[in-house]
Amino acid sequence: MRIPAFLIASVLLGSASGKRVVTVQSGPLVRTEGSHVTIWCNVTGHKEGVEQDFEWSMYLPSAPEREIRIVSTSQSNYAYAVYAQRVNNKEIYVERLGKDAALLHITKLETRDQGQFECYTPNTDGEYLGSYSAKTNLTVIPDTLSVTSVAQSLNKVEGDTLQLTCEVTRQTSQHSHLSVGWFLRSPERDSPPQDLVTLSRDFVLRAGNPYKQRFAFGDLRLDKTSSASYRLSIYRLQPADQGLLYCEAAEWIQDPDQSWYAMTRKQSEKTMVKVQPTDRDFGIQVSTERRSYTTGEPLELRCAIDAQNVPDRYFSVSWVFSSSPVAVVGPNAVPVLGADYVAREAAGQITVRKESAAIYLLRLQRLRVEDSGKYICRVTEREKTPTGDFIDRTKRSRNVQITVQALRSNMTVFLVGNSTEVLEGEPVQLTCSVRALTDKTGSVSVTWQWMGRKGTAVTQDVVTIDREGTVRLGPAYRERSTYGEIRAERVRADTFTLQLYNSVPGDEGQYKCVAMEWIQASDLTWEKIGERSASKPITIKTVESSFFVSASSRTPSVTYGDSFDLQCIVKPRYNPHVPVTVTWRFQPPEGELRDLVTFARDGTLRWGEEQIGLGTRASTERSPSNSNFRLSVTGAGQRESGTFQCSAELWRKNYDNTWTKIANRTSNLLGINVFKPVSKLRLHHSNQSLSFVEDSRVRINCSIASQTVPEAQHAVLWYVHKGGEPEAGAELLLKVRRDAAVEYGAYADEERLERRAQPERLSPQLYALTLHRAETSDSGTYFCQVEEWLQDPGGAWYRLALEASGFTRVAVHRPEVRLQVEEAEFNVTVTEAESIRLGCSVSSQSTRDSRFSVSWYVARAGEGAGEQQCIFSIGHDAVFGNGNCSPAEDPGPNSRLQFQRMTSDLYSLTIQGARPSDSGSYYCRVEEWFLNPRNVWYRLTTNDSGVTVVTVLEQASTLQSVICSNDSLFYFVFFYPFPIFGILLMTVLLVRYKARNLGKSQEGKNGVPLLWIKEPHINYSPTCLDPPALSLHPGSVE
C-alpha cells in the first residue's frame, strides 16, 4: 500500500479552513484482474476538527452518466445491488487514514470494475465553497503473468554448485516492467523467506542482506539466459543454503504520479535442496540497531550462531552484562534469569527468547542509566563423541558497548478547536496534541482548564486525564458530566480531546490544555520531567437573533394525481442539542389552519388528528442537517388544495436533560391549487348507414380513439332516434356503467329490447351494441356517448368528460319478395269419370324459412265473367281449409279431391270422377308467410300460377254404363243371381238323386230309366269390371 507524503501530512496536521478541495489518486490506474487495489482520497479546506465522510461511486464506460454507488463511511446500505454483496463480505471497504483522508480497498479486482471512480465528501461546513468530489479512471487488464520452475528435490554437498532456471512470461499490452527474484525458505514453517538475489524492475541486481558478501565475491549469480529465462547460480554451497528455493516475479507499471505499482506477483513451484555439511565449527555475532539510547527506550540484542545444520545441534546461549549473568537459554529454549533480573522479568521489562534455531534475543523494555555497559553473548555446544562422552565447546562474541543517557523533555503542545465561534447548542470540541514525546508509552497527563471572559480571573479545572488514562472531573463540572455533557479522552498516546456538548453562553471563555510528561524510574516510581500548555479562546453565539423560517414550493399548481413538494427552510442549521420542532399546518379553502404533521425535536414524527386526505400518499423527509423539512404529497386530489404554512420552535437542552423553548417562528403562507387533468377522450365520429333484414343480428360499434390515462374507466350510453335530428329527442336505450352494470332506459321497456339488446366490450377501447332478431321497428339513428371516469388519489371516482360518437343509421326491412309460381298455361281434356290432376310449382321463394298457403280456384264456363270459385285451400300451418279462401266443398271421406305435396315447392290436386261440370279454367294461388321476431306469422306476398283449361267430355249410354251407373241394378245383375242359381242347382241334384233311386226300383221292370233330366248350361259374364269409387278421401301432405 503506497500513501503519498502529503496525504500523511494532511492526516497528522489537519486541514486549514478555506476553499474546500477534494483530491483523489490521479489516473488512469492500470491494475490486473484479481489483484488487491487501493485508491486514496483526501479533502482539505474544511472546518478543523470535523471528521469527514467519504462516498465512493463509479461510472461504467458504457454508461458514463449513470452513477453506481459502491461504499460509504456514513451509510451502511449505500451500495447498489451490483456491489452490495462484495461490500457486505468486506471484499470492498474504506480504511480511514485520518479525519479527512481515506483509502478505498478492493481486495479482488474484477473486470466489471473498470471505469471512472468518484470520491465524494458531503458538506460539513454549512456553506458550499470549492469542490466536493474528484474522479480517477481505473483500467482492468487480464493477469497474464506466468512464473514456472520445475519442482524437484536435490541433495548437495557443502561446496557444490547449484543452478536453477525460472521461466517468466507476460502478454500485457501495457508498458510494464518485470522484477524477478529467488528466495530461500527454511524448512521450519514459521521462519520468513530470505531474499537471495533479485533483478529489480530497473534491471538492477540486488542481493539479500545475508548474501550480500557472497554476491560481491561472485558466489551468487542471477543471469538472464533468454527473453523469459532467469538462471540462479550458487557456488560453494553452505549448509545454511538448504531449504525450499523458489522464484518470485512481479509485474510493475508506472502510475501517472510517476510511482511504480506491482500489479501482480506470482511464485513458482518450490525445489527442495539439502546440503550435507562438512564442518562442525560455528561462529557468533551480536547485532543491535544502535549503541546509544535514552532512558525509557527499549534495547534489542540478537545473538546469531553461524554454523552448519544448526537445528540438529545442541547449543546453550548465555547473556552477560559487565561480567554479571543476565540469562541463560538452554537447548530446550527455556530461559533462566539472573538474580538481578528476576524482578524486571516479572514486571515485563525484560524478554529472553529463542527466535529461531540460530538466533537468540535479549530485550530490555525500559532502559535505565545503570544499564550502560558491555554486553556479550556466550555460546556453548555440547557434542556427543563416538565413545559416548560429551564435549562442550564454548565461544563468546565481541563486547557490545551500550550507552544509556538520562531523559530530558522536549515536548510541544498544540491546541486546536472545531471553531473559535460556536453556535449555541453545538459542541465545543478541543484537541490537544503533544509532539516529540520522550516516552512513547503514553506517560503524559493532561489537565483542561477554563478561564472566564475578560475581567473574570477565575480559573477552573474542567477535567484531568492522568498518565494511566483515568479521567477526573473538576468540582464545577461534575454534575454536568453525570448527564453526559462533558467528554474527555485520550484518543492516541499523544492526542487528547475535550468535548462540551450542548454548549451554553456560559461556556464562553479561554480554554487551556496543560500537558505534563512523566517517566518511570528504576524503582518503578514516576517522575515528571516536563510541563507545557496551550490555550484557545472560544466564543458562544446565541441562536435567537438569526432564527428564520420560510416555506416554498416549486409547483404551486398541480393536476390530479401529480406530486408536489413543500419545503420548510430553517436557518441557520442547528445540531441535536439545540433542536427544532417543525410543524406543517394546512388550511382548506373553507376552514381554519390545523396541524398536519410535526417533526418533533427528538426526531419522532407526529401526524395531526385530522389529515387532509393524504393518508399514505404523504411522505416526509428531514435533511441530515435539520435545516430542511420537506412534506411530499403524491397523487394530489381536490382535498389537498388549500394553504400550507410551517412553524418552528427552537429548544435548548439543559445539561440535566430538561428542555427550554427559546424561540418561535412562523413561515409565509403557501397556496397549492389542484386542478382536474385535461381530458384527452376522443371518439371516432364517422357516420354510416346499415341495412338489415328482419330477424337479423345488428351490431353497432362505439370506438374510442384516445383517452386521458390508460387506467381510465368508461360508462357507455346508447341512444336511438326515430326521425329528425339525431341528437334532438333521442331516447336512451341503455347505459353500461363503468362497473359493467347495465341499466335499460324507458324506451327499451316500451320496445321490448331488454332481451334483444346486448352491450359488449370487445376491447378496452371498443364497445358494441348488438340487437338480436331485429324488427322493422328497430330502424332509426343510433349513437353512443362515452363518459370518462378517473379515480382521484383518495380512491373516489369522478367523471372527467363526456363525448358523443358519430351516427349510425340502421334500416331494418322485411325480406325481399322473390316468390315466383310457374305461370305456364296448359289445356287438359279428359273423359267423364276420369281423374283431373292439377299441379302448382313454386320456382323461387323469398327466404328459406318461408311457409306457403296454397289455394286452387276455377272459373267455370257459362258462369258470370270473372267469377271465380275456390275449390281447395290449405294454410301455411298445413291445415285444410285454413288458406286464403273457403272451399265450397268441405274435405272429408266423400270428397273427390286428393291433395299431395310432392316436395317443399311442388304441390298437386287431383279431382277424381271428372264430371262435365268440372270443366273450366283452373289456377293455384300461393301465399308466402314469414315468422317475424315476435313469433307472429304474417303474409309476405301472393302469386298466382298459370291457367290450366280443363275440358270434360260426356260419355254415350250403354248397358254397361247403365248398370254401372245404378247401384241397385248393379247388385241385382251381378250379385243376386249367384244365390238363386245355387238354390236351383241344389234342387236339381236332389231331384235327380231321388229319381235314380226310384229308377232302380223300376228298372227291374223294363230295364230303362223312367225319366231323363238334362242340366242347364249357365254362362255368367259381368259387364262392369271396375266398380265405381265409393268414397273420396283427401291425400296427405308430404
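Predicted model: local features only at pLDDT ≥ 70, side-chain atom pairs only at ≥ 80, totals over all residues.
Residues are numbered from 1 along each chain as its sequence is written, and side-chain values use heavy atoms, with hydrogens and water left out.

The protein contains 9 helices and 73 strands, taken as DSSP runs numbered from the N terminus (helices H or I, at least four residues; strands E, at least two). Of its 1038 residues, 42% are buried, where buried denotes under 20% relative accessible area, exposed over 50% and partly exposed in between (1.4 Å probe, protein chains only). Among contacts (heavy atoms within 4.5 Å) between residues at least 6 apart in sequence, 62% join residues at least 24 apart.

An open, antiparallel sheet is formed by 4 strands in the order β21-β23-β28-β27, strands being paired if DSSP finds at least two bridges between them. Because β21 (282-287) and β27 (350-354) each have a single partner strand, they stand at the edges, with one side of each left without a neighbour in the sheet. The twist averages 10° from one strand to the next, from axes that are lines fitted to C-alpha atoms, with angles from 0 to 180 degrees between N-to-C directions. Antiparallel strands β21 and β23 (residues 299-307) are joined by 6 bridges, and I284 stands opposite I305 in β23.

The count of disulfides (cysteine sulfur atoms within 2.5 Å) comes to 7. One of them joins C166 to C247, with an S to S distance of 2.4 Å, and is left-handed at -75° about the S-S bond. This pair links strand β12 (residues 162-169) to strand β18 (residues 243-254), its cysteines lying 81 residues apart. C166 is buried at 0% relative accessibility, and C247 is likewise buried at 0%.

The sulfur atoms of C568 and C646 are 2.2 Å apart; the torsion about their S-S bond is about 75°, so this disulfide is right-handed. C568 lies in strand β44 (residues 564-571) and C646 in strand β50 (residues 642-653), 78 residues apart. In the disulfide of C702 and C784, the sulfur atoms are 1.9 Å apart, and both cysteines are buried.

The unreviewed UniProt entry annotates residues 969-991 as "transmembrane region"; such annotations may be inferred rather than shown by experiment. Over residues 969-991 the chain is 91% helix and 0% strand, and the end C-alpha atoms are 32 Å apart.
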